Amino acid sequence: MDYASSDVREAVRHDGDLLLSHGARGVKVVVVGGFGVGKTTMVGAVSEIPPLTTEETMTQAGVGIDHNPGVKDKKTTTVAMDFGRISINEELILYLFGTPGQERFWFLWNGIFEGALGAVVLVDTRRIEVSFEVITRLEDRRVPFVVAVNAFPEAPQYPLGDLRTALALSETVPIVTCDARDRASCRDALLALMGYLYTLAAAQETA
Ligand SMILES: Nc1nc2c(ncn2[C@@H]2O[C@H](COP(=O)(O)OP(=O)(O)OP(=O)(O)O)[C@@H](O)[C@H]2O)c(=O)[nH]1
Ligand SMILES: [Mg+2]
């Protein structure tokens with residue numbers, strides 16, 4: 001499926017304020033990223049409804065199986081998905097699905113991405129390497145995405161150009177910084193994705 005398709009043109013109308021031509025429309029968006037980058041935190045922070053979470057306690061049984069260097073204090077992990085909702089305006093509602101970060105649950109991506117128009121890739125600059133495989137998979141699926149750097153206080157800050165190079169992103173992929181705990185910041189990241197989807201759809205229309 002080509003995600004930058006007529007669906008996007010139908011879903012996103014850019015009239016200065018992302019207005020739709022008619023009626024409220026729901027758009028499915030996925031929050032994705034490596035283990036412990038803040039996906040569940042982001043969905044919970046930005047959702048206007050109590051988020052659905054599927055957190056399970058991490059136990060000794062996962063030692064040696066789960067890849068968790070750098071996230072030693074983490075007590076729970078997503079085992080299926082997160083779900084939340086945010087109304088951008090009266091006509092555009094985003095349904096947010098967060099993926100599990102542990103690679104052993106990545107088989108669930110197939111269902112989670114079904115019908116999604118785009119994704120926000122959360123990145124933790126202390127562990128950029130956990131994002132490589134995620135981005136490769138999105139590119140393989142041809143899912144449009146923006147990169148949102150979750151600015152953990154103790155994380156190194158790199159120039160966005162350096163991050164673009166490190167993540168091997170094309171010039172067109174937007175990179176924004178955010179705080180996954182902050183609603184307005186997460187909303188801005190989602191708006192960056194909406195704007196990007198519009199740009200892709202408009203380019204396709206004129207092609
Ligand atoms: N300081 C700080 N902590 C954060 C931020 N985002 C998330 N956290 C914390 O980091 C930890 C990981 O967050 P989660 O939201 O569970 O990460 P996740 O990506 O959903 O993790 P998995 O589902 O296990 O892959 C939690 O303890 C959060 O409270 C942030 O922006 N700043
Ligand atoms: Mg999670």
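Here are some notes on the ligand site in this predicted model.

1. Ground rules. Residues are numbered from 1 along each chain as its sequence is written, chains are lettered from A and ligands numbered from 1 in the order written, and side-chain values use heavy atoms, with hydrogens and water left out. As the model is predicted, local features need pLDDT of at least 70 and side-chain atom pairs count only at pLDDT 80 or more, while totals for chains, interfaces and linings use all residues.

2. Who sits around the ligand. Ligand 1 has 18 residues around it, with Lys 39, Thr 41, Lys 74, Thr 77 and Asn 150 the closest (near here is a heavy atom within 4 Å). By class, that shell holds 5 nonpolar, 9 polar and 4 charged residues; Gly counts as polar, and Asp, Glu, Lys and Arg as charged.

3. Polar contacts (pairs of N or O atoms within 3.5 Å). On the side-chain end, oxygen atoms of ligand 1 come to 2.6 Å from an N or O atom of Thr 77 and to 2.7 Å from one of Asn 150. On its own, ligand 1 has 650 Å² of accessible area, and the protein covers 80% of that (Shrake-Rupley method, 1.4 Å probe).

4. Which elements build the shell? Helix 2 (39–46) and strand 3 (76–78) each put in at least two residues, and helix 2 has the largest share, 3 residues. Helices are DSSP runs of H or I with at least four residues, strands runs of E with at least two.

5. The pocket. Ligand 1 takes up the space of the largest pocket (more than half of its atoms lie within 2 Å of the grid points). A pocket is an open set of points on a 1 Å grid over the protein atoms alone, with protein on both sides within 12 Å along at least five of seven lines; lining residues have an atom within 4 Å of a point. The space amounts to about 440 Å³.

6. The lining. Of 27 lining residues, Gly 36, Gly 38, Thr 41, Lys 74 and Phe 152 lie nearest the pocket centre. Helix 2 gives the most, 3 residues. The classes run to 7 nonpolar, 10 polar and 10 charged.

Conventions: Polar contact = N/O pair within 3.5 Å; in protein donor to acceptor, adjacent residues only side chain to side chain. 1 Å grid on protein atoms, 1.4 Å probe; cavity = no way out; pocket = protein on both sides within 12 Å on 5 of 7 lines; lining within 4 Å. Points joined across faces, edges and corners; volume = space filled by probe spheres on them.
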